[in-house]
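Subject: Structure handover

Hello,

Here is the structure I promised to pass on. Please look it over before you read my notes below.

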Amino acid sequence: MVSMVTFQLEPESDDETVDLADRQETGSSTTGAGRFSECTMAAECTISTSINIKEPRWDQGTFVGRAKHFFTVTDPRNILLSNEQLEKARQIILDYKKGVVTAGLTEDELWRAKYVFDSAFHPDTGEKMLLIGRMSAQVPMNMTITGCMMTFYRTTPAVLFWQWINQSFNAIVNYTNRSGDAPITVNQLGTAYVSATTGAVATALGLNALAKHVSPLIGRFVPFAAVAAANCINIPLMRQRELKHGIPITDENDNRLGESSKAAQQAITQVVVSRILMASPGMAIPPFLMNSLEKKAFLKRFPWMSAPIQVGLVGFCLVFATPLCCALFPQKSSMAVSRLEAELQEKIRASHPGVETVYFNKGL
């Protein structure tokens, strides 16, 4: 299992009373076990400014590298970090980007700070993201909502309520993790939310009506079919501004070249595929297990345990499915210049004749 990196500012025991500020002043450093060793000179403990923290720690050209990256980004423990811890991580990263390195800062501490920063701040706007919209909140939020959707799917009011909750949550996630830095107005956001949620709920209710004529086991898969269909509606609607005006594209050196709607189409398609596959294990495996468990004496005696068990099963699947499906496509996606809009192609070839490939943040 891939190890997860978290940003820990508190000491691990009473003996480890030196906090981050003290280490910065005294020039001490940390080891893998979390204990501090004294440095003879602060300079010996200070890392260089040559580490490229604009890119993830692991090679994003491979699936394994992307998986390691997203296991860290989606680590649910990141949502427990305080505002103070987030701000300390943010300051470390902002200072480092300016070439300022705090005395005593180790490479491991720098990478921990980067991933804490990335987990809470938008990569394009730099704004602190809504707590429940962060990728680190995906597992606890989705396991609760999905587990309840799959438990209470038999009645129309229950379907209506949980699909509304699910699509409202998805709308927040889609907005929070949008690509680009262009602002979206309240009216645009409201229109997109109402359209997306209405379409998603209508899809779920329609599928639920059809499921009444099939076996109970197949009926358990209706929530998954509804979620898959709803993702195809919700994500494009919540990110419709990107489809209309485009998302920022850059060259390999992060020089901005313009905005492309073609890039937005590719980005949103990749996100839709990832989200559907992300939901698959948690919504496909538990129905078989629950169908068997509900025939056993335990759940017949304690039927109220059905929801907690289902939530737990979904959560176990999501712990692995979330980072692995996020890793299917590179976060920094690419596209050949020849596939861009004709006008944009001409602009790039005129100003940057050597550029054949452009890059963009696909969002999550």
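Where pLDDT is low, the predicted coordinates should not be read in detail.

This is a predicted model, with residues numbered from 1 along each chain as its sequence is written, and local features need pLDDT of at least 70. Side-chain atom pairs count only at pLDDT 80 or more, totals for chains, interfaces and linings use all residues, and side-chain values use heavy atoms, leaving out hydrogens and water.

The protein averages a pLDDT of 76. At least 70 is reached by 82% of the residues. Helices (H or I, at least four residues) and strands (E, at least two) are DSSP runs, numbered from the N terminus.

Next, helix α14. Its 21 residues, 306–326, should span 30 Å at 1.5 Å a residue, where the expected span is 1.5 Å times one less than the number of residues. The end C-alpha atoms are 29 Å apart, which agrees. Helix α14 also bends by about 35 degrees at Leu318 (the angle between axes fitted to the seven residues ending there and the seven starting there).

Finally, cysteines. The whole structure has zero disulfides (pairs of cysteine sulfur atoms within 2.5 Å). For Cys325, the nearest cysteine sulfur, that of Cys326, is 7.5 Å away.

Best wishes

Notes: pLDDT = per-residue confidence, 0-100.
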